Amino acid sequence: MIALAILAIALFGSGAVAAALPGRSSADTVLGLSLAIAIGIGAWSTAHAASLLLTGHSGAAKDALLTLAGIALWGCSLRLRSYRPASERVSPTPPWLRWFFAVACLAAAAGFVEHTWRFPDGGWDA
């Protein structure tokens with residue numbers, strides 16, 4: 001059951017990134033891997049919550065559906081990639097996106113350090 005959930009997360013996340021960025025080698029970049037993990041976990045969590053709300057339990061059906069959706073997204077990305085001529089393919093990651101990602105990481109780290117310094121013992125729920 002856990003193996004199917006991990007497979008669903010990996011296939012759906014990587015398929016969504018590959019379909020969203022068909023001309024890029026997104027699986028080779030750290031940003032592409034980060035996006036795939038985040039999208040996969042987010043989709044699995046959403047499917048898990050919807051399954052619990054609708055049926056009262058969470059079975060393997062949602063994992064199987066997410067796995068099939070991930071395979072379908074990979075198929076779409078391969079089809080989209082074949083339609084683009086080689087002259088239109090772009091570099092793996094645009095420079096502005098790298099800078100945006102770096103600034104976001106610095107802001108998150110600064111927020112963590114500041115909050116840890118101000119509240120070393122945690123907040124009201126520590």
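Student: Which pattern does the chain follow, read along the sequence?

Tutor: This is a predicted model. The chain holds 4 helices and 0 strands. Read along the sequence, the pattern is α-α-α-α.

Student: Which helix has the highest mean pLDDT among the elements of the chain?

Tutor: Over the chain, pLDDT averages 81, and 82% of the residues score at least 70. Among the elements, the lowest mean, 80, belongs to helix H3 (residues 61-83). The highest mean, 89, belongs to helix H4 (residues 95-118).

Student: Is Asp63 buried or exposed?

Tutor: Asp63 is placed in helix H3. Leaving out residues up to four places away in sequence, Asp63 touches Met1, Leu4, Ala5, Ala8 and Trp44. The cut-off for buried is a relative accessible area under 20%. Asp63 has a relative accessibility of 1%, so the residue counts as buried.

Student: How far apart are the end C-alpha atoms of H2?

Tutor: Helix H2 runs over residues 30-55. At 1.5 Å a residue, its 26 residues should span 38 Å, and the distance in the model agrees with this. The end C-alpha atoms of H2 are 37 Å apart.

Student: What is the relative accessible area of Ile41?

Tutor: Ile41 lies in helix H2, whose buried residues are Leu31, Gly32, Ala36, Gly40, Ala43 and Ser51. With Leu33 and Ile37, Ile41 makes a nonpolar surface patch of about 270 Å². An α-helix has 3.6 residues a turn, so residues three or four places apart point the same way. Ile41 is partly exposed, and its relative accessible area is 42%.

Student: Which residue with a positive phi follows H2?

Tutor: Helix H2 covers residues 30-55. The phi of the residue that follows H2 is near 90°. That residue is Gly56.

Student: What share of the accessible surface of the chain belongs to carbon and sulfur atoms?

Tutor: Buried residues make up 22% of the 126 residues in the chain. The accessible surface comes to about 8700 Å². The share of this surface that belongs to carbon and sulfur atoms is 74%.

How values were computed: Residues are numbered from 1 along each chain as its sequence is written. This is a predicted model: local features need pLDDT of at least 70, side-chain atom pairs count only at pLDDT 80 or more; totals for chains, interfaces and linings use all residues. Side-chain values use heavy atoms; hydrogens and water are left out. pLDDT is the predictor's confidence in each residue, from 0 to 100. Helices (H or I, at least four residues) and strands (E, at least two) are DSSP runs, numbered from the N terminus. Buried means under 20% relative accessible area, exposed over 50%, partly exposed in between (1.4 Å probe, protein chains only). Contact means heavy atoms within 4.5 Å. Patches are made of residues with over 30% relative accessible area and no salt bridge: like charges are joined within 9 Å, nonpolar side chains (Val, Leu, Ile, Met, Phe, Trp, Tyr) within 5 Å. Accessible areas come from the Shrake-Rupley method with a 1.4 Å probe; for residues, only the protein chains shown count as cover. A salt bridge is a side-chain nitrogen of Lys or Arg within 4 Å of a carboxyl oxygen of Asp or Glu. The expected span of a helix is 1.5 Å times one less than its number of residues.
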